[in-house]
Amino acid sequence: MNTATATKIEAILYLKGKPLSLGEIAEYAACDRATVEEGIIELIDDYARRDSALEVVETPNGYSLQLRSDFHDLVQTLIPVELGLGALRTLAAIALNSPILQSDLINLRGSGVYQHVPELVELGFVKKRRDSDSRSYSLQVTPKFHQYFQIEQLPQILATNQKEQQLELDLDLELKEEVAAE
């Protein structure tokens with residue numbers, strides 16, 4: 001195998017940034033499929049022998065140059081999460097009402113929740129489990145949410161605000177009862 005061809009295939013996989021079939025690689029590299037297969041085997045072997053953060057793998061969609069799974073935690077730490085405004089608002093509603101039933105969240109935020117929750121679960125910000133008392137799911141934020149957004153104080157702040165609101169309601173009720181008694 002020509003190392004120059006393997007290097008060219010490596011560059012193609014890097015530049016495309018997505019899995020490519022043997023045919024696609026052959027087209028980009030301007031060579032036949034057999035040469036591409038040899039180049040892929042050489043690349044896989046080369047990456048396996050060195051202590052690299054990258055690897056060439058075969059996926060259901062083709063061959064890909066990707067980060068080894070050992071480094072996925074690093075990706076979560078270094079690459080900022082892209083959340084749309086709707087998903088961010090849904091996450092805020094979950095955080096403010098955690099734990100909350102998904103059915104209650106839908107009543108609060110609308111049907112977009114059905115798209116937002118799986119995304120938030122996949123990103124690791126929300127934990128979803130079947131609620132034992134209903135057919136809905138219970139949703140709550142994870143430690144990753146607190147770490148990522150750096151808001152460990154959220155539960156205490158809410159508890160204080162809720163206590164203050166309850167005291168205000170109690171005072172209002174007492175005032176109304178006093179006025180009614182007069």
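## A buried residue: Val113

Val113 is buried, because its relative accessible area is 0%, which falls under the 20% cut-off for that class. The model described here is predicted. Val113 belongs to helix α7, which covers residues 113–122.

Leaving aside residues up to four places away in sequence, Val113 touches Thr90, Gln102, Leu105, Ile106 and Pro118. Arg89 stands 24 residues from Val113 along the chain, and the C-alpha atoms of Val113 and Arg89 are separated by 9.8 Å.

## The three-stranded sheet

Three strands form an open sheet in the order β3-β5-β4, and their pairing is antiparallel. The edge strands are β3 (100–101) and β4 (126–130), each of which pairs on one side only.

Strand β5 comprises residues 137–141 and is joined to β3 by two bridges, with β3 and β5 running antiparallel. Leu101 stands opposite Ser138 of β5.

## A helix across the strands

Helix α5, made up of residues 85–97, lies across β3, β4 and β5. The helix runs at about 90° to β5.

## Aromatic rings and charged side chains

The number of aromatic pairs in the structure is zero. Arg130 lies over the face of Tyr137, 4.3 Å from the ring centre. The ring of Phe125 has the charged end of Lys144 over it, at 5.2 Å from its centre.

Conventions: Residues are numbered from 1 along each chain as its sequence is written. This is a predicted model: local features need pLDDT of at least 70, side-chain atom pairs count only at pLDDT 80 or more; totals for chains, interfaces and linings use all residues. Side-chain values use heavy atoms; hydrogens and water are left out. Rings of Phe, Tyr and Trp (its six-membered ring) pair if their centres lie within 6.5 Å; planes under 30 degrees apart count as stacked, over 60 as edge-to-face and the rest as tilted. A charge sits over a ring if NZ of Lys or CZ of Arg is within 6 Å of the ring centre and within 35 degrees of the ring normal. Helices (H or I, at least four residues) and strands (E, at least two) are DSSP runs, numbered from the N terminus. Buried means under 20% relative accessible area, exposed over 50%, partly exposed in between (1.4 Å probe, protein chains only). Contact means heavy atoms within 4.5 Å. Two strands pair if DSSP finds at least two bridges between them. Axes are lines fitted to C-alpha atoms, for helices over the stretch in contact, and angles run from 0 to 180 degrees between N-to-C directions.
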